Amino acid sequence: MARILFLTPYPAGRAPSQRFRFEQYLGILGSHGHQYRELSFLDEATWGILYRPGRAGAKVAGILRGFGRRLGHVWAARRYDFVFVHREAAPLGPPVFEWLLARVLRKRLVYDFDDAIWLANTSEANQLAAGLKWSQKVGQICGWAHKNSCGNAFLAAYARRFNPRTVVNPTTIDTTGLHNQVRDQAAPGRLVIGWTGTHSTLKYLDQVVPVLAKLEAEGLDFEFRVISNQPPALPLQSLVYLPWRKETEMADLLGFHVGLMPLEDDAWAKGKCAFKALQYMALGVPPLVSPVGMNTEVVQHGQNGFVCATPADWEAGLRQLLADATLRQHLGRAARATVEARYSVAANTPNFLALFA
């Protein structure tokens, strides 16, 4: 059995990518006799302020502490058989820690990522740090890795340019422990069109706002519910903002009748792993998605959701689903079955365990 050290950007249980890519497998690793430990670059205090405005000095101090912490983690890695690095060992600068782990300590590095992180993805929140992120390091780490664990085929194709030991390890849903309820589409109540995501993906909603505004103007009665870590500034009367909270996450999502996942058709979006759609689908909520990247692998148009390429497609799909509870129920059941068969923790466990074979 293996001893595995997980090096993560964020404190345990805080970030969706960590929770749904590997943290939900930790108990399974233990049940198979593996020993593991998870160590984060950021401490809780820095995580709590990182994406809030102001307090630049405290943020810089927290990042500097993170580098010190990570140096200690590399020293601790001597006692482990595998080192699993999620996204990067440090958020800024060249891959010094990965080089030490793979080239100096000769550790079997499992490199995991679920976005096209070799591309610069600058937003207002991170533009000051963007020049220091050193995105080109991703290819180097892929080359050093014992195995690369990539969220979809697009990401895996990039990693294989540097290393053939690359597998697709999809972001998965725990359909028995967490997403273990199914939306009753026949229940009474106001219809809810929903979206969930972080501040960095709120921009994708811009393309559906005119469609929602048109439906509002016609007098259709619905709520547009946005669950995020920051409130959106959208000119919609139907908008209801709910701050994301882990304690109410499932109850909030179960309030959706349909779920939206619009994306822009660019290289960064092609790296997306359809996670929003998978969350909706696991709860029996039919998704409406853009035909970008993994979305078209997960959603089959008219069978377990709708694929929407134009404003007319978004409008037609929303009109159908808002008007027909039976259709929502049918698509929702098929969506749930898709997740259980292909994108659940249970279905993917052998694939995940093989990373440490």
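The entries that follow go topic by topic.

**Ground rules.** I worked from a predicted model, in which local features need pLDDT of at least 70, side-chain atom pairs count only at pLDDT 80 or more, and totals for chains, interfaces and linings use all residues. Residues are numbered from 1 along each chain as its sequence is written, and side-chain values use heavy atoms, with hydrogens and water left out.

**Entry 1: D114.** I looked up where D114 sits and found it in the loop between β4 (108-113) and α6 (127-130). Helices (H or I, at least four residues) and strands (E, at least two) are DSSP runs, numbered from the N terminus. Is D114 buried or exposed? D114 counts as buried because its relative accessibility is 10%. I used these cut-offs: buried is under 20% relative accessible area, exposed is over 50%, and partly exposed is in between, with a 1.4 Å probe and protein chains only.

I then listed what D114 touches, leaving out residues up to four places away in sequence: S17, R21, H86, R87, G151, L155, T171, G271 and C273. Contact here means heavy atoms within 4.5 Å.

**Entry 2: the D114 salt bridge.** I noted 18 salt bridges in the structure. The term stands for a side-chain nitrogen of Lys or Arg within 4 Å of a carboxyl oxygen of Asp or Glu. One of them joins D114 to R87, with the closest N and O atoms 3.0 Å apart. Why does this pair tie together separate parts of the chain? D114 lies in the loop between β4 and α6, while R87 lies in the loop between β3 (82-86) and α5 (96-104), so the parts that are tied together are 27 residues apart in sequence. Both ends are inside, as D114 is buried and so is R87.

**Entry 3: two other charged pairs.** I checked E88 next and found its side chain in a salt bridge with that of K137 (3.5 Å, N to O). E88 is in the loop between β3 and α5 and K137 in helix α7 (residues 137-144), so this pair links distant parts of the chain, 49 residues apart. E88 and K137 are both buried.

I also looked up E315, which forms a salt bridge with K214, the closest N and O atoms being 3.2 Å apart. E315 belongs to helix α14 (residues 311-323) and K214 to helix α9 (residues 209-217), so the parts tied together are 101 residues apart in sequence. E315 counts as buried because its relative accessibility is 16%. K214, at 40% relative accessibility, counts as partly exposed. Elsewhere, salt bridges that share partners join R87, D114, D115 and K272 into one network.

**Entry 4: helix α7.** Six of the eight residues of α7 are buried, so the helix is largely enclosed by the rest of the structure. I wrote down the buried ones as K137, V138, G139, I141, C142 and W144. Their cover includes α5, β4, β5 (147-150) and α8 (153-159).

**Entry 5: cysteines.** How many disulfides does a search of the whole structure find? It finds zero, a disulfide being a pair of cysteine sulfur atoms within 2.5 Å. C142 is in no disulfide, and the nearest cysteine sulfur, that of C150, is 6.1 Å away. C142 is buried, with a relative accessible area of 0%, and C308 is buried too, at 2%.

**Entry 6: the sheet.** I traced an open sheet of six strands in the order β9-β8-β7-β10-β11-β12, with parallel pairing. At its edges are β9 (239-243) and β12 (306-307), each of which pairs on one side only. Two strands pair if DSSP finds at least two bridges between them. Strand β7 (residues 191-196) runs parallel to strand β8 (residues 222-228), and six bridges join them.

**Entry 7: the annotated stretch.** UniProt, in an unreviewed entry, lists residues 276-337 as "domain: Glycosyl transferase family". UniProt positions are given in the numbering used here, feature names are shortened, and annotations may be inferred rather than shown by experiment. Over residues 276-337 I noted 60% helix and 8% strand, with the end C-alpha atoms 16 Å apart.

**Entry 8: T326.** I placed T326 in helix α15 (residues 325-342). T326 is exposed, with a relative accessible area of 61%. Its C-alpha atom is separated by 7.6 Å from that of Q185, 141 residues apart along the chain.
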